[in-house]
There are 2 protein chains.
Amino acid sequence: MNVIRYPQKEEWDELLKRPVMNVDTLRETVCRVLDDVKTGGDRAVMAYEKQFDHVELECLAVTEEEMDEAERLVSPELKDALRLAHENIGKFHASQRFETTKVEVRPGVTCWQKAVPIERVGLYIPGGTAPLFSTVLMLATPAKIAGCREIVLCTPPGRDGKVHPAILCAARVAGVNRIFKAGGVQAIGAMAYGTESVPKVYKIFGPGNQYVMAAKQQVSLHDVAIDMPAGPSEVAVLADAGSNPVFVAADLLSQAEHGVDSQVLLVTTDEALVGKVQDEVERQLAALPRKEIAEQALAHSKLVVVRDMDEAMELTNRYAPEHLIIETADYLQAAERVVNAGSVFLGSYTPESAGDYASGTNHTLPTNGYATAYSGVNLDSYHRKITFQELTPQGIRDIGPAVELMAAGEHLDAHRNAMTVRLESIKTEMK
Amino acid sequence: MNVIRYPQKEEWDELLKRPVMNVDTLRETVCRVLDDVKTGGDRAVMAYEKQFDHVELECLAVTEEEMDEAERLVSPELKDALRLAHENIGKFHASQRFETTKVEVRPGVTCWQKAVPIERVGLYIPGGTAPLFSTVLMLATPAKIAGCREIVLCTPPGRDGKVHPAILCAARVAGVNRIFKAGGVQAIGAMAYGTESVPKVYKIFGPGNQYVMAAKQQVSLHDVAIDMPAGPSEVAVLADAGSNPVFVAADLLSQAEHGVDSQVLLVTTDEALVGKVQDEVERQLAALPRKEIAEQALAHSKLVVVRDMDEAMELTNRYAPEHLIIETADYLQAAERVVNAGSVFLGSYTPESAGDYASGTNHTLPTNGYATAYSGVNLDSYHRKITFQELTPQGIRDIGPAVELMAAGEHLDAHRNAMTVRLESIKTEMK
């Protein structure tokens, strides 16, 4: 861990630099796989499953029998935990429901927005060493609450041709309609274009490796919306003299274990805290199974000592972290000053892992500084807000002349005329 | 205009096909200009202004003197119209303000969202034959209401090195902070990377030609968010036996005059209406200055006769038009059934041009079928919704064990440990 004491503002940009990810080099490979899936459908997906996931599939869809089998394989305790998390995520996302209000902008001119669910959404859940069933809950629960008609999930099978039972259980708890065994670029292609068995969706959600990211970006150029661009996971912890070094160390480590490219940042107003946190990190690290990953991530982590909370807030806002944990005494005041962050964890008893799993907030969040412009996944992510407007003859009389003038000013005479014919018809009626 | 009577459902996809836009071929050119701007800053932008807009600039920023001059050049009538439109757009977008509600998901587990404005946004206004001052109002008004700190606008100057006065007037009315003379790819690059004079922004909004679109897509891969992908403008008009053919024809023409690639679709349950509309289009077309453009757009337009309103709604929902005008008798019922559209215009007295200029809704809307997944620009477009969560010891006790179990199930022991150290500290405190 690198300790930086009282850096000058001119050094901040360098200090907060993230690794440059450039997936452009993967473009050719990704486009080839996507094209194959577009033209070859299921057969192409199966061929790539054989090539990349080393599994021969006869059918992509997960069957009801497999769902039932998964139900038997998952422990009742984990199932209870999934249901508790699902309930909390559901409650918080349901509270985000949008209510239509009609606004009479002027007499006779009424406008409103209506939130309409995206009809078909696709969720991608990566494979790999750990089954990310929590992400299934995070992506499918709001989709169901939003009212998406079709919720499709793709995830790569293991070498035995099966999907991890906890993923299937979570999918059932959250209300996923159809699950397919497909991973990587071929899964993204299947959902973007549709195949014989996988329905084409309108928006794709979910994390993945750099190939998945590149594929999502590629299909988003023409075919389908995506949740957001993605980079390595990140945390910034804000701590002061009163913070508990055991908690702070545990929070830094829980980010560090994600991957060797995880970004870990501590910002503190208390120079003495740094040593205590370093000692605690060493102590806790020794017991971790993913010790080697965490060590590599910690090697490029930064512990920054700043002058005061003003500077601390300015620094973390400049960084725009995916996760921001504020463990200072005045955490509620600090929360008011957050401008750029994905999700914020307040006080000593709110570790990131609470939100990663079960507090109710979403854990699909903007990384790589994208928190400056993107929200994390929330109920809005599954809706469009369609606008409606209705004018009465009174409304036409009121705004019609301004519309005519502006249309003329933009040299759009047919636009003007669409208003003129109405204004004239009203005059005629009034005679 | 092509009349299609009672098409079979199998024919719909073919019938509703849009022109394929592929901006991939522009990629190389666009990337070269972007790279030049990234490294060369203002000087590169000026060089491209000379090359593409045939103007030698000494400075990119529009001066206060130029703003004052514009103020004098625009007629008081147009200024009044701009203010009326700005007021209506402001009222409707202000009504979209998001109120934070804290949700106690479980005892001791509180979550909330807070809408925080994007700090710096960039607006692009194209040049060309007509000054799109209405788009200035549409993009800047909600930015101001959202509370964006810096609102930057780029637009290409004319050969005299000046920006059209109506654009400057609209920018002042709507509260744009800084205006720069830059167009095309170089303007997008300037706002994405920042130059000596143009500040780097976090999100870029606004229409443009295919080069601008390609540039926006390119910078959105790494550097900055964009409003949405874009294609040619579109309208679908839904009409029945009671619809006024004069109004319907005027509405079709107001779309057709946009450009030769404009998409114009009439869906009607009344076969007799088609002939009347065709006659009216011919009559009104004769008087239009942009007659030739409209004629070319109409050549590939479609007038579709369907069996009933059910089929009409299904067809337009499948098409997902940018603008949907419903001029049928039962338009409010039909409105309830809209699933895919950008903005909807209801009844006989609500032409698209009302919303294009002054009803209060936004006219920056999803084209090319993107209405299936994207909303038009609205107040949300200028905000992030940051999530916050706060757990008390009671909350930790309540959800902690479930978090531990799920983290273990995902093999993330440091995540589990961040919860465990807190659970243990509470136990200790209780003793």
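Start by selecting strand β7 of chain A, residues 203–205, together with β8(A): the two pair in the parallel sense over two bridges. Keep in mind as you click around that this is a predicted model. For a closer look, pick A:Lys203, which stands opposite A:Ala225 in β8(A).

Now widen the selection to the whole sheet. How many strands form it, and in what order? There are five in this open sheet of chain A, running β6-β5-β4-β7-β8, and the pairing is parallel. At the edges you'll find β6 (178–181) and β8 (225–226) of chain A, each of which pairs on one side only. If you're wondering what links strands like these, strands of a sheet pair through backbone hydrogen bonds, either parallel or antiparallel.

Time for some charged side chains. Select A:Arg106 and A:Asp398, and you'll see a salt bridge whose closest N and O atoms are 2.3 Å apart. A:Arg106 sits in strand β2 (residues 103–106) of chain A and A:Asp398 in helix α15 (residues 393–409) of chain A, so this pair ties together parts that are 292 residues apart in sequence. Over all chains, a search of the whole structure turns up 53 salt bridges.

Now bring chain B into view and look at where it meets chain A. Here, 126 residues of chain A are in contact with 124 residues of chain B. The area buried between the two chains is about 10,600 Å², with carbon and sulfur atoms giving 59% of that.

Which side chains meet in a salt bridge here? Across the interface of chain A and chain B, the rule finds seven salt bridges, along with 70 residue pairs in polar contact. Then highlight helix α16 of chain A, residues 413–430: its eleven residues are the largest share of the side of chain A that touches chain B. Colour that side by class and you get 65 nonpolar, 36 polar and 25 charged residues.

For the last stop, select strand β13 (residues 343–346) of chain A and strand β14 (residues 383–391) of chain B. These strands, one from each chain, pair in the parallel sense over four bridges. Zoom in on A:Leu346 to finish, and you'll find B:Glu390 of β14(B) standing opposite.

Key: Residues numbered from 1 in each chain as written. Chains lettered and ligands numbered in written order. Predicted model: local features only at pLDDT ≥ 70, side-chain atom pairs only at ≥ 80, totals over all residues. Heavy atoms only, no water. Contact = heavy atoms within 4.5 Å. Buried area = accessible area lost by both parts, 1.4 Å probe. Salt bridge = Lys/Arg side-chain N within 4 Å of Asp/Glu carboxyl O. Polar contact = N/O pair within 3.5 Å; in protein donor to acceptor, adjacent residues only side chain to side chain. Nonpolar A, V, L, I, M, F, W, Y, C, P; charged D, E, K, R; others polar. Pairing = 2+ DSSP bridges.
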